[in-house]
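Subject: Structure handed over, with notes

Dear colleague,

I am passing on the structure we spoke about, and I would be glad if you could look through it alongside the notes that follow.

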Amino acid sequence: MRVHGLFLRSAVARRIFWALLAAALLPLVLVGSLAWGTLSERLDGQAQQVHQAMLKQIGLRLFDRLGAAQAALAAHAEQGLRPGHDPWLRPDAADGVARLALAALATADDDGVAAGGAPALVAAWRAARTGDGAPAGQRDLWWQARPGEAALVIVGHRDARGRGWWLAEIDPAFLWADFASGGAAAGMCVRDLAGRPLRCGDEAAAGAPSWNLFLHAGFGAPDWRLQGFSLAGGDLMARDVLGAWAAQGALLTLLLVASLSLVLVRRTLRPLDALIALARRFAAREWTARAAVPAGDEFGELASALHAMADRVGRQLQGMQVQAEVDNAILEGRDIGDVMRRVAGRLQELLPHAQVAVIARDPDGAAWRAHRVDAGAGPRDRPPPAVVLDAAVASAMPLDGLAVHCRSERGVPPWLRAALPDVPAAVDGLCWVPARWQDDLVALIVIASPRGLAADEDLLREVTELRDRVAVTLAAATRAHHLVERAVRDGLTGLLNSSGMHEACDRLLGARGAAAAFSMVCMDLDAFKEVNDSLGHAAGDELLRAVAQRLRGAAGPQALLARPGGDEFVVLLPGPPDAAAALAARLCQVVEQPFALRGQAVHVGASIGIASCPQHASDREELMRRADLAMYAAKAAGRGHWRFYDAALDARLAEKAWLVRELRLALDQGGLALHYQPRVDLHSRRVHSTEALVRWTHPAQGSIAPQRFIPVAEEAGLIEAVGAFVLDSALAQQRCWRDAGIDVGRVAVNVSPRQLRADGFALQVFSALATHGLRPADLELEITESLFVGDFDAVCARLAPLRDAGVVVALDDFGTGYSSLSVLHRLPVDVLKIDRSFVVELGQRASADAVARSIVALARALDKRVVAEGVETLEQEQHLAALGCDEVQGYLHARPLPPAALAERLRAGFAAPAAPEAAPV
């Protein structure tokens, strides 16, 4: 047997080893202790018995010696020795016993008087006799203890003839022969009942076993007590031998138990170590690991259970991994083909002997396709084969249950044959698992096995989970497809929206080679706002759909159509710029044709701008910006025009940006100023009112005309600040003139649409009047007809408090706007100003005279005052006076002048008209 110390390195091994060793040692110690106690008790009992027997034997021998000494004394007495004769024994005495037993002889009477012999012996006898007080006739033995030596023992014999006592000292060498060193009683001690030592051996010890020598019967004397005989040497030897045997037996027992414990530990820990290593490999996800543990015991059963558990857990984890990948694919919106192939691959792993396919419906619902793991399949970018799924089969799929089985004798359905072309005509196991989403069939998991289908509970559960994820994947893909369509498609026209157009443009910009050449055609409808205003937004939506339909017909299949918003359309046309130019011309013609809306013909036009890649730009944002610039240039040229982008447009845009920047600085730093142009009453020939006109003198470029910066201020949102400056400055100047005694009449201030639509405009006007101490009648606000296009009532409501307070409202540039005769009588204005375009041709064209005459007549009918602007000649003034015009304004009388120059002219008066001057710049 080979024992490896390596086993004791384990805490479990040490615990088992010491537990087994303790389990063997504790009973061994307990049994040994009990056995040793019993053995010691028996040895002690046997020793006690031996002691008692030896004490008895020594005592009897001592008794015999006492008797021999008494007999020797009696024998001497019988020899006839008389008192007075020499009692000493002589060496040549015939009686050897007497010679050995008796050391001295003496005689004495009953009174203790020495009659002969040794007087010392008699004295000792007398003292011993007197000391114990016993009658002399009742004992024959006396003793006298002597410290450090054996006691003097006296034996007596009463003479039969009445001659007194015969006394003899018993020879100590004879009496105590057994108590001498090396004698049988060397370790004993003889004491009398008073405890006086009579003769103690070399090693006599108190507390040793004792035995009483009965002397009364033989000598009439008190007993002696023998004590302390010991067999210690033999006893200890026996105990040592027994202890050695016991120790050897215990050691052998412990060695045997330790060896058996190590063997048991080894046999226990070897499979346990293998199972621990197996568990660690399982923790490292090595589910195919196995432990070499022999079968036939609980460790073997545990190993088998762990192997089965690993198989199951490994399969479940693989399934969970696939399911997690499917879930990630759903969340990331990956291609459903990859997801379906992954599901088919997992099913192929579960059923290696079967053929598996997933028949899934495309997100757009156009077709069914078979996804399978096939070594001979084409590249991944090739679309899966289409499957024509029988409608009857699809409708027959149950809503509940896992699978629908098809027996082989019925044959393989054609649609399933398209999914699994290698399935034999006769197959033992054939089933398909329908996947539904909200009662709608979205996929089929098809399984064909030549061995039949015997699925356990785990397999069925995983197939069910995969089926559910297939359904969720397809539902998510379908929903994402619809969301993408809604995200990139315009809901009204079905064209690409702004996001879709950006993506399409990025795809074209990302193309390589000649395919990257394309043009962006931006089209904006002319007069679309009027259609919305006159016919309503529903008619406008109908018009947009009709325009989109015409675009589809005119652009061709290669073009990408988009409606980014409002009435703007974009066409992305691959090819050279010439193709875009031809398309733009064709679109202008197509859109110019009337549209039938709600029973009437509606005419709109198209303004189109074109920017080509790479000629004009290679970036989407820049391409869109330049196409928009071209489109706005075409719109500025009039309806039904198209233009390519050119660098001059960017120059104008740069100028506009410069104007905005510098105009802001002018507003902040006081760079704007007001000039004033008087209006002359044709009847009184005096100044009736004065119009305030803003002027801007740039420190570097000099004077900048209002026609150049006012439209920019309108577009940049600065017109309100400019209008507020003009209003406050004009009223402040009028206050100065009035304080100086100069009468300029009312001050007329132009108001922009943005300014009028701003909240609190009326309060702003009243506040300015109050600040400068002027009346509302001192102010005239000039507005344009475009203000009333749209929400007519809202404009009237904003003007009402001003007119009610006395502020005069003038309609500027009358005849060039969009005022309808049906609402003209409701316009909240007091003055109509005839536009300069009608005045300059008076006397030259009859139509100009007719228009001017009509305006004056209309103003008279509506009780409005008429002002003609742009009057430069006396002939024009005379025509206007003949037509009944109230006031004239123009270079005939004065150009726009600074306040000081106007004040000087006013002081000179306007009674006589000035000479005609050149037209304004």
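**What was found**

In strand S11, arginine 369 is the bridge partner of alanine 360. Please keep in mind throughout that this is a predicted model.

Strand S10 (residues 355-361) and strand S11 (residues 368-371) run antiparallel and are joined by four bridges, and the two form a hairpin with six residues between them, where glycine 365 in the turn has a positive phi of about 75 degrees. S11 also runs antiparallel to strand S12 (residues 386-387), to which two bridges join it, and on that side arginine 369 stands opposite alanine 386.

A separate open sheet is made of four strands in the order S7-S6-S9-S8, with antiparallel pairing. Its edges are strand S7 (197-200) and strand S8 (210-213), and because each has a single partner strand, one side of each is left without a neighbour in the sheet. From one strand to the next, the twist averages 20 degrees.

Turning to the helices, H14 (residues 537-555) packs against H15 (residues 577-592) at an angle of about 140 degrees, and their axes are 10 Å apart; the crossing of H14 over H15 is right-handed. On the H14 side the residues that meet the partner are Arg550, Leu551, Ala554 and Ala555, and on the H15 side they are Leu583, Arg586, Leu587, Val590 and Val591. Sorted by class, this contact has seven nonpolar and two charged residues, and no polar ones.

For the protein as a whole, there are 27 helices and 31 strands, and 43% of its 921 residues count as buried. Among contacts between residues at least 6 apart in sequence, 63% join residues at least 24 apart. The accessible surface comes to about 45800 Å², and 56% of that surface belongs to carbon and sulfur atoms.

Note on methods:
Residues numbered from 1 in each chain as written. Predicted model: local features only at pLDDT ≥ 70, side-chain atom pairs only at ≥ 80, totals over all residues. Heavy atoms only, no water. Buried < 20%, exposed > 50% of the residue type's maximum accessible area, 1.4 Å probe, protein only. Contact = heavy atoms within 4.5 Å. Areas by Shrake-Rupley, 256 points an atom, 1.4 Å probe, with all protein chains shown as cover. Pairing = 2+ DSSP bridges. Axes fitted to C-alpha atoms, helices over the stretch in contact; angles between N-to-C directions. Left-handed = near helix turned anticlockwise from the far one by under 90°. Nonpolar A, V, L, I, M, F, W, Y, C, P; charged D, E, K, R; others polar.
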